[in-house]
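Reader: I am new to this structure. Can you take me through how to read it, feature by feature?

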Amino acid sequence: MSLSNFMLQPCIEVGFFYLINHGIDQKLMDEVLALTKRFFDLPTEEKTKLIFDKNHRGYTPMAKEILDLENSTEEVSPGWRTVMEKYYFEVLKLGHRIASLIALSLELRPDYFEKMFTVPMVAMRPLHYAEGKFGSGAHSDYGLLTFLLTDDNSGLQICKEKDAKPQEWLDVAQRKGAFIVNLEDMLERWTNGLYRSTLHRVVTKGVDRYSVSRWDND
Ligand SMILES: O=C(O)CCC(=O)C(=O)O
Ligand SMILES: [Fe+2]
């Protein structure tokens, strides 16, 4: 079975899949998570120097928006820009490859979605869920694809049938080295609901948890 056929079932049934053998170095993934943790461990006044700007880029104290790759954070977190930018561009490349597999799985040309990427809007979000305090409420993501890198702590849950009563929430186990990829609302619309953008949330489990999500909101 070809890789693109292999993707069909998870895309239709759940909208989430693990991505392994993706070619991104484990060392780089580990560095990204370590820098994320190091950043969030900084005193609040250091992080507040990078408070989010009008484009919602920068540090957000309470679970709102994103950290900025444009504003250098080199002085507060050594190696930040080099590692994060490398990671950003590698995952960007991966995003194009997965988008072309998705096109193939829909029996479209592999470059079918490329014309939609002329003005990409991509957000990379290092996230910190604090012990016993903050999770993320139920939501689906609104763009195209998310690539999620998490530390060893689980917490992500998905709900395959959002209208079911009661809702059933399934834990998504973390797999070392794998990305958790999920399809977003725009892709659900582009496929007339064939592919799923699944409701998900993060529950806190009494430990700090760090993850880095990267959205293609093209
Ligand atoms: O941190 C996670 O496991 C999920 C993050 C997420 O849902 C998001 O960034 O949209
Ligand atoms: Fe999400």
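Author: What follows goes from the overall fold to the core, the ligand and a few details of the backbone. One point before we start: this is a predicted model.

Reader: How many helices and strands does the protein chain have?

Author: Begin any reading with the inventory. The protein chain has five helices and nine strands. Then take their order. Along the sequence the pattern is α-β-α-α-α-β-β-β-β-β-β-α-β-β.

Reader: Now the core. Which residues have the most contacts inside the largest nonpolar core?

Author: To read a core, look for buried nonpolar residues whose side chains are joined. The largest one here has 43 residues. Those with the most contacts inside it are Tyr-87, Ile-98, Ile-102, Leu-145, Phe-147 and Phe-179. Helix H4, residues 80–105, gives the largest share of this core, with twelve residues. There is also a second, separate core of ten residues. Phe-16, Leu-148, Leu-156 and Ile-180 are among its members.

Reader: What does Tyr-87 touch?

Author: Pick one residue and list its partners, leaving out those up to four places away in sequence. For Tyr-87 the partners are Leu-28, Met-29, Val-32, Met-124, Leu-149, Phe-179 and Val-212.

Reader: Ser-105 also lies in helix H4. Is Ser-105 buried or exposed?

Author: Compare the relative accessible area with the cut-off. Ser-105 is buried because its relative accessible area is 7%, and buried means under 20%. Next, see what the side chain does. The side chain of Ser-105 reaches the backbone oxygen of Ile-102 at 2.7 Å. Beyond four places in sequence, Ser-105 touches Ser-4, Leu-8 and Tyr-195.

Reader: How many residues surround ligand 1, and which are the closest?

Author: For a ligand, start with its shell. Here 13 residues surround ligand 1, and the closest are Arg-125, Tyr-129, Arg-209, Ser-211 and Ser-213. By type, the shell divides into six nonpolar, four polar and three charged residues.

Reader: Which side chains have polar atoms by an oxygen atom of ligand 1?

Author: Look for pairs of N or O atoms. A side-chain N or O atom of Tyr-129 is 2.8 Å from an oxygen atom of ligand 1. A polar side-chain atom of Arg-209 also lies 2.8 Å from a ligand oxygen. For His-139 the distance to a ligand oxygen is 3.2 Å. Taken alone, ligand 1 exposes 300 Å², and the protein buries 98% of that.

Reader: Where does Ala-130 lie?

Author: Loops deserve a look too. Ala-130 lies in the loop between E2 and strand E3 (136–139). Ala-130 is buried, with a relative accessible area of 14%. Leaving aside neighbours within four places in sequence, Ala-130 is in contact with Thr-204, Val-207 and Asp-208.

Reader: What should I check in the backbone?

Author: Look for exceptions. Most residues other than glycine have a negative phi, and most peptide bonds are trans. In this model a cis peptide bond joins Lys-165 and Pro-166, with omega about -5 degrees. Pro-166 is in the loop between strand E5 (156–159) and strand E6 (170–171).

Reader: And what about phi at Asn-21 and Asn-192?

Author: Asn-21 has a positive phi of about 50 degrees. So does Asn-192, with about 50 degrees. Asn-21 sits in the loop between strand E1 (16–19) and helix H2 (26–41). Asn-192 sits in the loop between helix H5 (185–190) and E8. Asn-21 counts as exposed at 73% relative accessibility, and Asn-192 is exposed at 75%.

Terms used. Residues numbered from 1 in each chain as written. Chains lettered and ligands numbered in written order. Predicted model: local features only at pLDDT ≥ 70, side-chain atom pairs only at ≥ 80, totals over all residues. Heavy atoms only, no water. Core = buried A, V, L, I, M, F, W, Y, C linked by side-chain atoms within 4.5 Å. Buried < 20%, exposed > 50% of the residue type's maximum accessible area, 1.4 Å probe, protein only. Helix = DSSP H or I, 4+ residues; strand = E, 2+ residues; numbered from the N terminus. Contact = heavy atoms within 4.5 Å. Polar contact = N/O pair within 3.5 Å; in protein donor to acceptor, adjacent residues only side chain to side chain. Near = heavy atom within 4 Å. Areas by Shrake-Rupley, 256 points an atom, 1.4 Å probe, with all protein chains shown as cover. Nonpolar A, V, L, I, M, F, W, Y, C, P; charged D, E, K, R; others polar.
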